[in-house]
Structures are given as structure tokens and as C-alpha cells.
Amino acid sequence: MASIVGRATKQALLRTKPSLSSQQASFVSLHGKTGRRLAWTLGSLALTGGAVVATALAQPTFASDLVLHPPHYPWSNNGLLQAFDHASIRRGYQVYKQVCAACHSMKFLCYRNLVNVIMSEEEAKAEAEEALIEDGPDEEGNMFQRPGKLSDRFPNPYKNEEHARSANNGALPPDLSYIVPARHGGADYIFSLLTGYTDAPAGVKLMDGQYFNPYFPGYAIGMAQALYNDLIEYDDGTPATQSQLAKDVSTFLAWAAEPEHDSRKLIGLRTLIILSLFLGVAYYMKRHKWTTLKSRKLAFKPPSDK
Ligand code: HEC
């Protein structure tokens, strides 16, 4: 039995040999049908490879590629149905008002936006009155200052862009109303930026008025570290560590850019609940309307000769 199998394999090997060598011959000479097909395959492979390499080389290297990406933090509003941490928004407003508002405007926020989120209406009115808002012109054509009202926007710490730049070594502090959606990484980035200041590593040269922050694209930021442990005292007694201040102000900025966030998620949840109630009815109606079609039987009756 074994000898029969052995002989059969040997014969099979002997038979395949000539055809293999003839293939090799045509591959080397690239003559004949197989050779041309191989040449085509090789040619197109080389072309595709070339195209891939060319595309890879054509990709520019962005300065932002060399930046440290912020980690993902467990914000209370992460997830489909989670709301903002409102105590944190309130503390964050305190941080903005006492620290950031010295340099950063929030021109899309009015005092009325604070009502029922951060404080009561009376408190917001008192808060607005503390600010001096430029109004006018009066009957003699002069601008004048008056205490703020609920409808007033947060005042800008600088008169104009040039004023802001000259006070900050040429760097312009951006308006913070929409800073969270305007930056890659959102609140994670703001938190990392505020807590990420370190000494510049050897070999990195910074100009006057620049500080090293690995999270800032280009490393050299024109804003000095703004938050330190116990910089302010929270009204609610929370220990004001640097990371607590940064977390609260990031939450506040996220809320400022998306004040409708909580009600949007609530309406979404209500819509899903109400629509799911209708799901059973819709299924029943579908079965009801289709039943005559689904249970119909089509039969083919060949015409009879009779
Ligand atoms: C002393 C003035 C000053 C204070 C106080 C300050 N900043 Fe800034 N901030 C700046 C300047 C100037 C820039 C622009 C930096 C640049 O473009 O290099 C800036 C930039 C920023 C940026 C934008 C970074 C980017 O990606 O472009 C954010 C966010 C920011 N500040 C948040 C804050 C927050 C939050 C606070 C309060 C905790 C704060 N800043 C306090 C001056 C200040």
C-alpha cells in the first residue's frame, strides 16, 4: 500500500516538474501570456507602492503634531444622560471672576445667564451692579459709566485688542465664552493647560514673557501660570487646590459654551421615553395593516386545455 502511494507521489512530482520550469522560463523572459500578466501585476504593484510612499511624504508635519495630547478626564457630564456638576459651575464662576476676568473677556455671557444656574435673580442683579458698564452717548454726546444690569454682557478687561496685547507682551488673551468647543480636547485641554506648567527642559529657549507648557501647541505660551493652591477661598468651603480650581473653571467654561446642555439631554431622554411608548402601538399597527398582504397566497394555475 505504502509503495503504491510512494510511486504515485513520485510520478506526480515528475509530472509537475516540466510545467514549473516552463513557467520560470516565461517569467524570466516575460514572454507569453503568463509573462505579460506578471509584468502587469508587478508594474501596477510598483505604481501603487510609489503612490502610497508619495502620499505619505506629501503629508506636512504640523507643529501641533508635536504637542502633548490631554488625557480624558471623568467629567460629570460625560455620557449620554449625564448633567453638569452645578456646584462646580458655581465655584468655577468664582475662579473666573477672581482670577481669569483680569485678562480674559467673556463677551457672549450676560449677567442674566447666571440666574438660576449660579445665583438667584437678586444676587445676579447685585452682581451686575458691582460692574461699571460704559454706556452712552448722553445728551451731550459723551460716553458715561453706569452700574450694570441683568441684560449687560460681562465687561471686557481691556479697551480694545491693542490694549490687551500691550498689557500681555504682545499675546492676545482669547475671549473665553466658547473656548471649550474651540480647542481640540475641550475641557480636558483647558484643565491640562492650567495644571500643566513646568520648567522648560534643557535646550528649549523661551522669549521674555513666555512660559513652558507642554499642552500648548508650540510649548511657549504667553500666559503665566494662573492657578496655585489656595489662590482664592471658595464660598462653599471646598479646599481650593490648584487642580480643584482648574477643574471648576473648566466646568464653568464648558457650561458657558453650552448652557442648554442639561435641558437638551433631559428633552432627549423624555423624547426617547415617549417614543418608546409608541413603539408597541406602531408594531401592532404594522402587523394589522400588513396581515392581509402577508397571509395572501398567490397560486399559479396553468391554463387547462379543456
Ligand atoms: C495675566 C493675564 C492672564 C490671566 C490672569 C489668565 N490668562 Fe489665560 N491667557 C492670557 C494670555 C496673554 C493668553 C494668550 C497666550 C498665547 O497666545 O500665547 C491666554 C490664553 C489662554 C487660553 C488659550 C490657550 C490656547 O490654546 O490658545 C486659555 C484657555 C486661557 N488663557 C485660560 C485662562 C483661564 C481659565 C484663566 C483663569 C484661571 C486665565 N486664562 C487667566 C493671559 C491671562
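**Entry 1: H7 and H8**

I looked up the crossing of H7 and H8 and found it right-handed. A crossing is right-handed if the near helix is turned clockwise from the far one by less than a right angle, and left-handed if anticlockwise. I am working with a predicted model, where local features need pLDDT of at least 70, side-chain atom pairs count only at pLDDT 80 or more, and totals for chains, interfaces and linings use all residues. Residues are numbered from 1 along each chain as its sequence is written.

I then noted the geometry. H7 covers residues 186–195 and H8 covers residues 242–257. Their axes are 9 Å apart, at an angle of about 145°. Axes here are lines fitted to C-alpha atoms, for helices over the stretch in contact, and angles run from 0 to 180 degrees between N-to-C directions.

Which residues in H7 meet H8? I listed Gly-186, Ala-187, Ile-190, Phe-191, Leu-194 and Thr-195. On the H8 side I found Gln-242, Ser-243, Ala-246, Lys-247, Ser-250, Thr-251, Leu-253 and Ala-254. The residues of this contact divide into seven nonpolar, six polar and one charged. Ala, Val, Leu, Ile, Met, Phe, Trp, Tyr, Cys and Pro count as nonpolar, Asp, Glu, Lys and Arg as charged, and the others, Gly among them, as polar.

**Entry 2: the whole protein**

I found nine helices and four strands. Helices (H or I, at least four residues) and strands (E, at least two) are DSSP runs, numbered from the N terminus. The order from the N terminus is α-α-α-α-β-β-α-α-α-β-β-α-α.

Of the 306 residues, 17% are buried. Buried means 20 or more other C-beta atoms within 10 Å of the residue's own, with C-beta atoms placed from the backbone; 12 or fewer is exposed, and in between is partly exposed.

**Entry 3: the listed binding site**

I checked UniProt, whose unreviewed entry lists Cys-100, Cys-103, His-104 and Met-223 under "binding site". They are spread over 124 residues of sequence, yet cluster in space, with a largest C-alpha distance of 10.8 Å. Such annotations may be inferred rather than shown by experiment.

Where does Cys-100 lie? I found Cys-100 in the loop between helix H3 (86–98) and helix H4 (121–130). His-104 is in the loop between H3 and H4.

Why does Cys-100 count as buried? Cys-100 is buried because 22 other C-beta atoms lie within 10 Å. His-104 counts as buried because it has 22 C-beta neighbours inside 10 Å.

I looked up contacts last (C-beta atoms, placed from the backbone, within 7 Å). Not counting residues up to four places away in sequence, Cys-100 touches Val-95, Leu-176, Ala-226 and Val-249. With neighbours within four places left aside, His-104 contacts Pro-173, Asp-175 and Leu-176.

Key:
Two residues are in contact if their C-beta atoms, placed from the backbone, lie within 7 Å.
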